[in-house]
Amino acid sequence: MLRALFGQRRASNEKIVEALYEAIVAAARQEPFYAQAQVPDIPLGRYEMLSLHMLLFLRRMKRETDPAAQELTQAVVEEFFKDIDHSLRELGIGDSSVPKRMKKLARMFYGRGESYGAALEDNDIEGMTRALKRNIRPDDEKWPQAPALTQYAFAAVRNLDEQSAAQIVRGRLVFPDAAGAMQVVAD
């Protein structure tokens with residue numbers, strides 16, 4: 001009987017983790033990022049957008065002290081890194097090179113977490129814009145669409161902060177519409 005009960009709980013948690021991660025991925029894949037904001041639509045550009053959305057999610061969940069919410073957050077992070085590992089293998093990266101690439105991508109992720117996190121906490125729009133330029137478009141020092149992406153990031157922070165922990169731990173996570181949030185700057 002206990003196995004059945006714990007087995008159901010594990011399956012339920014897996015579904016919640018899957019739902020949360022799918023919401024993060026869907027938000028990161030919004031077409032306006034690539035068309036309007038001109039994020040490179042290549043694996044590294046998609047990684048950058050996925051990382052940004054994961055970091056926005058982590059920022060929101062950081063304030064939750066409930067062990068269940070913390071456990072769920074950790075499971076979503078693990079799902080993110082499993083997905084990155086799988087994507088590297090799909091790109092044809094050999095088994096012996098994957099761990100080295102994963103270490104580099106993990107360092108990149110946590111470095112972005114520090115720079116984005118500091119800018120978001122300080123409400124530093126210019127700092128966030130500089131960080132996004134440096135990480136997403138190092139090839140274009142001016143990148144005129146960076147302020148639009150910054151606007152989106154701050155809109156996402158406000159949006160996520162309004163969502164209750166109860167809603168999130170049930171697997172419901174909503175990010176803003178990219179076109180609408182970036183439109184504020186484009187006009």
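A: Rings of Phe, Tyr and Trp (its six-membered ring) pair if their centres lie within 6.5 Å, and the pair is stacked with planes under 30 degrees apart, edge-to-face over 60 and tilted otherwise. The model is predicted, so local features need pLDDT of at least 70 and side-chain atom pairs pLDDT 80 or more, whereas totals for chains, interfaces and linings use all residues. Residues are numbered from 1 along each chain as its sequence is written, and side-chain values use heavy atoms, without hydrogens and water.

Tyr47, Phe80, Phe81, Phe109 and Tyr110 form one aromatic cluster, and a search of the whole structure gives 7 aromatic pairs. One of these joins Phe33 to Tyr152 in an edge-to-face arrangement, with 4.8 Å from centre to centre and 80 degrees between the planes. Because Phe33 belongs to helix H2 (residues 31-35) and Tyr152 to helix H7, this pair ties together parts that are 119 residues apart in sequence; helices here are DSSP runs (H or I) of at least four residues, numbered from the N terminus. Both Phe33 and Tyr152 are buried, that is, under 20% relative accessible area with a 1.4 Å probe and protein chains only, where exposed means over 50% and partly exposed lies in between.

Phe109 counts as buried because its relative accessibility is 0%, while Tyr110, at 46% relative accessibility, counts as partly exposed.

How values were computed: Helix = DSSP H or I, 4+ residues; strand = E, 2+ residues; numbered from the N terminus.
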